[in-house]
Amino acid sequence: MPAPEIDFDIRQASAQALAYVRKESLDIYNRLHSIHEDVQFVQQVRDAYPKLPILPNLRCGAWYVDPEIATNVPAYFKSTDGHFGNWSFNLRRPNLHLLPIIVANRGIILVDSTRAGKRIPDALSKTVPIWCAVINRAVALAHPDKEDWDVELYCPPIAVSEQERVQIEARLDEWAAALAKSSYTLPSLPLPLRPLWLTPSTSVFPQLPDDDELACLPVICVSASKQVKDGMERRSNGFSYVQGSGDDHELWGMGLNPQFFWQNKERLLRCDRDELPSVVAQVVAASRSQEASETWKSPPTPISAVGGRLLIGAVPDMPVDLPRMLPGDERNISYIVISANVASTCEGDASGTPCPDYILRLRMAEGKKDQILFLQSVVPQATRYIKGRLSKGDCVCVCCDSGKDASVGVVLAALQLFFDDHGELLVKDDGTSLTGNPSKDSIKTRLQWIISSRPEANPSRVTLKRVNEFLLSSPAFRRK
């Protein structure tokens, strides 16, 4: 056979092999059974430290922690904040809401996973260590009387070289100073934070001393998945183990998410490979078609810096009929509902009935698709409406599909336009308002107000850019 034909056959065989590996790695049967295998390790960690609260690091970690044992508090440590050369303590994700939990329970367990090529995800090997060290240094700045306060940067040697650790350490004081100068309230810690790491290859779990003998508050970082060659490994019981199966579930989940998985775990794991896709489709359809609640599934979050005059919520948490008041608060509430799945106010609701004046509905898909619409239509309409309702004495609750992005952007713009730097309302009863001078720093401060009240707020970079563009540029120069 001529040499070119041999080369072609080799390339074709390689392409077929890669296609097979990709198909196996995205197979939902392999993914769910791999997650189930990893969950058993997480349960071992839980059994070893039963007194410590256990939290998934969102989003991937939620696949590995049973909601029945998890503390219902979000943790957001992004791997990108630990990527080489991109190290950061991000003030948009300070995770300060975890500190009272750590102090009260004398430690915490964080669960995450990673795909092929690593034993520990960057979120646990670098982002969390950076967070611990920066918190410790910021506390030392605020309380210089603390003696023998440990401010070292601890990273797992199996994942982070000493050279990289030293490079990160050189940035810690800068990040600690920024945190100390921010509008966040940093509590005093009785002991410094100290990260520890556990993986399926850990032979012996470290034994923690009694509470009164602790020298630090342990932040136990659990990497749930086994590190296997090429990220996949055949199992004798009929599936291929895929390392880090919970990652990027949009690519393989067929609409399944961690919540649906845990609600239907036994049923899904009992399925044969061939029937699993149809059962997943049934589970997803049933979960999405559940009757709407008559009450809030999760109440909206009032922004405490402005006395709860603005609130943020998620559309899936909303009741069928939006109440004019929330429990424990006698003030009237108006609503802005931003969703890809609602009719705009001018079109009325789904039944064609015009919306009452205390509800403004705006149609917009989250993500990059409708960002120009967000700038040109959603934010201007929403802020005009908020101004009018505030002048009538109402609080205003803004809800979007995720409760994390578009609603945060709208509330951020309203905080800048209608409240001063002390959180005092600038809008008068007659609808007129005093004007402030927005700046990048003042907008950043108001974003910190939001995150302090609602830690799960996670506006995209493009949403924040559009809010800055709306507030800082003349309408004539805004993007068309």
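Buried means under 20% relative accessible area (1.4 Å probe, protein chains only).

**Ground rules.** The model is predicted: local features need pLDDT of at least 70, side-chain atom pairs count only at pLDDT 80 or more, and totals for chains, interfaces and linings use all residues. Residues are numbered from 1 along each chain as its sequence is written, and side-chain values use heavy atoms, with hydrogens and water left out.

I traced an open sheet of 5 strands, order 7-8-11-9-10, with mixed pairing. Strand 7 (301–302) and strand 10 (359–363) each have a single partner strand, so one side of each is left without a neighbour in the sheet. Strands pair if DSSP finds at least two bridges between them. Helices (H or I, at least four residues) and strands (E, at least two) are DSSP runs, numbered from the N terminus. Strand 9 (residues 333–339) pairs with strand 10 in the parallel sense over 5 bridges. V337 stands opposite R361 in strand 10.

**Helices on the sheet.** I then checked what lies across the strands. Helix 10 (residues 371–391) lies across strands 8, 9, 10 and 11, at about 175 degrees to strand 10. Helix 11 (residues 406–418) lies across strands 8, 9 and 11, at about 175 degrees to strand 8. Axes are lines fitted to C-alpha atoms, for helices over the stretch in contact; angles run from 0 to 180 degrees between N-to-C directions.

**L310 and L390.** I listed contacts (heavy atoms within 4.5 Å), leaving aside neighbours within four places in sequence. L310 touches I386, L390, V396 and V411, among others. L390 is found in helix 10. L390 is buried, at 3% relative accessible area. Beyond four places in sequence, its contacts include R309, L310, F418 and L425.

**Cavity.** I searched the whole structure and found 1 cavity of 30 Å³ or more. A cavity is a set of points, on a 1 Å grid over the protein atoms alone, where a 1.4 Å probe fits but cannot get out; lining residues have an atom within 4 Å of a point. The largest cavity holds about 60 Å³. Grid points are joined across faces, edges and corners, and the volume is the space filled by probe spheres set on them. Its lining includes Y76, D81, N95 and W131.

Technical notes:
On a 1 Å grid over the protein atoms alone, a cavity is a set of points where a 1.4 Å probe fits but cannot get out, and a pocket is an open set with protein on both sides within 12 Å along at least five of seven lines; lining residues have an atom within 4 Å of a point. Buried means under 20% relative accessible area, exposed over 50%, partly exposed in between (1.4 Å probe, protein chains only).
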